[in-house]
Amino acid sequence: MLLKSLYVSVDPYMRGRMSDAKSYVAPYEVGQPVNGGIVVEVVDSKHDKLPKGAVVLGNLPWQQYIVHQGEGLNQVSPDVAPLSYHLGILGMPGLTAYVGLLNIGQPKAGETVVVSGAAGAVGTVVGQIAKIKGCRVVGVAGSDDKVAYLKNELGFDEAINYKTTDDINKAIADACPDGVDIYFDNVGGEISDAVYLSLNKFARIAICGQISYYNNTKPATGMRAEPILLKKSALMKGFIVSDYADEFANAAKELATWVKEGKLQYQETITEGFEQIPTAFLGLFSGENTGKQLVKVAEREG
């Protein structure tokens, strides 16, 4: 098949693949294209199940056109949701939020949930699912506009701009007067240290990302969390979305239902032009995106 890229996903985990340090996924190869989630259109085909005009999703190289045999590609329907959603709320970020919060966080009505990186592709979904489950939700983000978006449009109960807060420890404590039962961590660093100080007995912490560390050139220093976890009988668990692959079908179905019912709102930051992919990727680490960051490469022909 000849595939034409329509939407390219840029994600924080890709930064880790630009190092030869041992990780859960192989590093990118020098001299080869970066690859990641891409929605593509089949513009020519000799494949018996994916004809010309089909729209498919796969882990593919950052190219405008790709020759492919068809392995590992999944056809998506343009009628279910906008095509870009399959890289966001109905794709890896949405699935990550769903499986991490529900499996590790195990939210119960009335509990307090704190989400760092709350205005990002994963954090926005985590907070809304927590609200669906009857929780009180506090988000931490990096601008007043993002704080307003979380509270006024997504229904977060409270939100904190960590960049303008003089005392993040106090800000977290004030926003969580009954303590923190669940912490969904996308960031790490000083924000996480502050949340640990407000943990309740039997709190659960889902470690999804640590974006504050990804560009560090030397080991980070900070609080030792173990004494707090011990005293609070708290659970901290790191996870990769693929750990829960057997739940994807059910998760995607429920996410799609919530979107259709208006229970999940979703915002995308879409940059246009193939040549803008590196700029869009770098913007993830300065917090320029709200919701899922994508690059629109081309219009669909079919």
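This section describes a helix, the aromatic pairs, a surface patch and a strand residue in one predicted model. Local features were taken at pLDDT of at least 70 and side-chain atom pairs only at pLDDT 80 or more, while totals for chains, interfaces and linings use all residues. Residues are numbered from 1 along each chain as its sequence is written, and side-chain values use heavy atoms, with hydrogens and water left out.

Helices (DSSP runs of H or I, at least four residues) and strands (runs of E, at least two) are numbered from the N terminus. Residues are called buried under 20% relative accessible area, exposed over 50%, and partly exposed in between (1.4 Å probe, protein chains only). In helix α4 (residues 144-152), the buried residues are Lys146, Val147, Tyr149 and Leu150. They lie on the same side of α4, because they cover an arc of only 160 degrees around the axis; the arc is that of the directions from the helix axis to the C-beta atoms. Asp144, Asp145 and Asn152 are exposed and sit on the face of α4 turned away from its buried side. The buried residues of α4 pack against α3 (123-132), β7 (136-141) and β8 (158-161), where contact means heavy atoms within 4.5 Å.

A pair of aromatic rings is described by the distance of the centres and the angle of the planes. Rings of Phe, Tyr and Trp (its six-membered ring) pair if their centres lie within 6.5 Å; planes under 30 degrees apart count as stacked, over 60 as edge-to-face and the rest as tilted. Six aromatic pairs were found in the whole structure. In one of them, the ring centres of Tyr98 and Trp258 are 6.1 Å apart and the planes are at 40 degrees, so the pair is tilted. This pair links distant parts of the chain, 160 residues apart: Tyr98 is in helix α2 (residues 92-105) and Trp258 in helix α8 (residues 248-260). Tyr98 and Trp258 are both buried. The rings of Phe239 and Tyr244 form an edge-to-face pair, because their planes are at 65 degrees, with centres 6.3 Å apart. Phe239 is buried at a relative accessible area of 5%, and Tyr244 is buried at 12% relative accessibility. Ring pairs join Phe184, Phe239 and Tyr244 into a cluster.

Lys296, in strand β13 (residues 292-296), counts as buried because its relative accessibility is 16%. Leaving out residues up to four places away in sequence, Lys296 touches Leu6, Tyr7, Ile270, Thr271, Glu272 and Gly273. Tyr65, in strand β4 (residues 65-67), is partly exposed at 45% relative accessibility.
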